[in-house]
Amino acid sequence: MKTIRGRMMIGYGIVILGVVLLLGVLFVGTVRQYYYGSATQALNERAAVSARFYGQYLDDFSLGEQSRYIFENETDDFTRVEVIDLYGNLVIDSYGFPPGKKMPTPDINAALKGSTGTWMGIEPETKERILALSQPLMQDSRMIGILRYTTSIKKIDEVLNKITGVAVGVGAAVIFLSLFVSWLLARRIVSPIGELTTVAKHMAGGDFSTKAEKRYDDEVGHLAETLNYMADEIVRNEKLKNEFISSVSHELRTPLTSIKGWSETLISGGLEEKEETTLGLGVISKETDRLIGLVEDLLDFSKLQSGGIGIRCELVDVNRLMEEIGEQFIASGNRHKLKIEVQLGEGPLELAADRNRLKQVMVNLLDNAIKFTPEGGTIRLSTAREADEVRIQIADTGEGIQAENIKRVTEKFFKGTTRYPGSGLGLSICKEIVQLHRGRMGISSVWGEGTVVTIWLPIGKIEGKPNRAGAEL
């Protein structure tokens with residue numbers, strides 16, 4: 001299996017090697033061009049001056065006489081001077097080699113054709129590398145021979161070899177250092193990923209106590225934070241699930257126990273005691289309603305989670321709806337010795353909404369207000385228009401919500417420290433339904449004084465925008 005580290009090293013290695021080789025070749029080529037070019041230019045300038053001088057001032061001399069003059073005046077310790085006739089024969093040599101046939105090198109061939117020629121190679125007589133430059137020797141506008149200058153480039157080659165060696169060494173050091181830095185960089189990237197993989201395997205096995213360490217404040221570090229957050233959320237949801245199962249089991253068992261107990265009592269009594277029968281049937285009916293409520297909450301929650309709840313919008317007058325709900329709950333308020341007030345905003349407040357779902361929200365909120373408000377308290381239901389929204393508010397003078405629980409009361413399965421039965425899903429479902437209507441819900445409360453739940457819903461019909469369940473709003 002190819003690792004990320006291996007792929008990164010290979011990729012970095014290819015790029016670094018290519019760049020170093022390119023720069024190295026350019027550097028060595030430039031240096032060689034400079035040294036060899038300087039030597040060639042020096043020979044060319046000397047040959048041009050000499051050929052011009054001899055052609056101008058020795059034009060009456062024969063090639064042999066010019067050769068002797070050149071031999072006497074051009075000899076030095078660094079440059080070899082040769083005079084070659086038009087047949088390629090050596091006439092005179094400052095190194096003292098005897099006349100004879102000269103090997104036709106590219107520079108001599110170029111000079112025989114009337115142009116200046118240069119050549120680098122091994123000199124047959126001296127067996128060393130030389131730089132040769134041949135210049136036509138002219139007399140009265142005609143070529144009578146070739147003036148050839150040669151110099152050893154052994155010292156230049158030695159200098160260039162040293163420079164090339166240094167360049168190769170520096171290039172190798174740069175490649176090694178770059179690969180080492182690349183290895184460190186790859187290790188810095190890959191090692192945390194390997195650790196995250198190990199932590200993820202532990203989490204996949206159900207061990208959420210293992211946490212990923214955030215080494216750097218980068219994408220991998222953010223991934224570690226996200227993994228830890230996911231683990232914490234899973235643990236929290238698992239805890240909530242267990243608490244919910246325990247709570248629902250208790251909530252289901254209580255009415256079922258009452259129903260079973262009264263059923264057995266009525267069966268054993270033979271239904272002869274009318275008063276007892278009426279009481280038993282009343283308890284059974286009441287507990288059955290509790291069971292139905294719990295099951296409906298669970299069904300609604302399941303639909304909301306899967307996106308299967310439908311929103312079928314119509315034009316709803318919020319004032320009329322709130323008035324109906326207020327009238328519906330007057331009897332319940334009287335039984336609990338509570339005062340229910342309805343304060344409606346001016347004019348019809350119409351908006352696009354699912355009437356039944358909106359009523360479900362209001363009924364749930366009013367049930368909670370009645371449940372947590374002591375006798376003699378007041379529940380106020382009010383509506384008003386605020387800009388392009390309708391504001392619906394339910395305020396009570398009940399026991400309120402503790403400050404640390406206000407932000408959590410709309411969480412799924414959260415019940416806090418309440419002594420009242422329930423699934424812990426009511427407010428969560430209300431919030432989801434409000435959001436499906438493109439609205440928002442806020443809760444404020446003072447412990448011991450009361451709670452205010454406010455809902456804002458947009459006015460008007462929203463065309464062509466599907467909700468999460470797929471219905472059009």
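# Exercises on a predicted chain

The protein chain folds into nine helices and 13 strands, where helices (H or I, at least four residues) and strands (E, at least two) are DSSP runs numbered from the N terminus. This is a predicted model, in which local features need pLDDT of at least 70, side-chain atom pairs count only at pLDDT 80 or more, and totals for chains, interfaces and linings use all residues. Residues are numbered from 1 along each chain as its sequence is written, and side-chain values use heavy atoms, with hydrogens and water left out.

## Exercise 1: the whole chain

Work out what share of the protein chain is buried, and what share of its contacts between residues at least 6 apart in sequence join residues at least 24 apart.

Solution. Start with burial: buried means under 20% relative accessible area, exposed over 50%, and partly exposed in between (1.4 Å probe, protein chains only). On that scale, 38% of the 473 residues are buried. Now the contacts, meaning heavy atoms within 4.5 Å. Of those between residues at least 6 apart in sequence, 63% join residues at least 24 apart.

## Exercise 2: H7 against H8

Describe how helix H7 and helix H8 pack, and sort the residues of their contact by type.

Solution. First, the geometry. H7 covers residues 318-335 and H8 covers residues 355-372; they pack at about 35°, with axes 11 Å apart. Here axes are lines fitted to C-alpha atoms, for helices over the stretch in contact, and angles run from 0 to 180 degrees between N-to-C directions.

Next, the handedness: H7 passes H8 in a right-handed crossing. A crossing is right-handed if the near helix is turned clockwise from the far one by less than a right angle, and left-handed if anticlockwise.

Then list who touches whom. H7 brings Leu 321, Met 322, Glu 324, Ile 325, Gln 328, Phe 329 and Ser 332, while H8 brings Arg 355, Leu 358, Lys 359, Met 362, Val 363, Leu 366, Asp 367 and Ile 370. Sorted, that gives nine nonpolar, two polar and four charged residues. The classes go like this: Ala, Val, Leu, Ile, Met, Phe, Trp, Tyr, Cys and Pro are nonpolar, Asp, Glu, Lys and Arg are charged, and the others, Gly among them, are polar.

## Exercise 3: helix spans and a cap

Check the lengths of H8 and H4 against expectation, and find what caps the N-terminal end of H8.

Solution. The expected span is 1.5 Å times one less than the number of residues. H8 has 18 residues and reaches 26 Å from first C-alpha to last, close to the 26 Å expected. For H4 (residues 154-204), the 51 residues should span 75 Å, and the end C-alpha atoms are 72 Å apart, which agrees.

Now the cap on H8: it's Asp 354, with a side-chain oxygen 3.1 Å from the backbone nitrogen of Asn 356. Buried residues of H8 include Leu 358, Met 362, Leu 366 and Ile 370.

## Exercise 4: positive phi

Find where Lys 337 and Arg 438 sit, and say how accessible Lys 337 and Arg 438 are.

Solution. Recall the background: most residues other than glycine have a negative phi. Lys 337 has a positive phi of about 55° although it isn't a glycine. Lys 337 sits in the loop between H7 and strand E8 (339-343), and counts as exposed because its relative accessible area is 53%.

Arg 438 has a phi near 65°, again a positive value in a residue other than glycine. Its place is the loop between H9 and strand E12 (440-446). At 32% relative accessibility, Arg 438 is partly exposed. As for H9 itself (residues 426-436), nine of its 11 residues are buried.

Key: A polar contact is a pair of N or O atoms within 3.5 Å; within protein, one must be able to donate a hydrogen and the other to accept it, and residues adjacent in sequence count only if both atoms are side-chain atoms.
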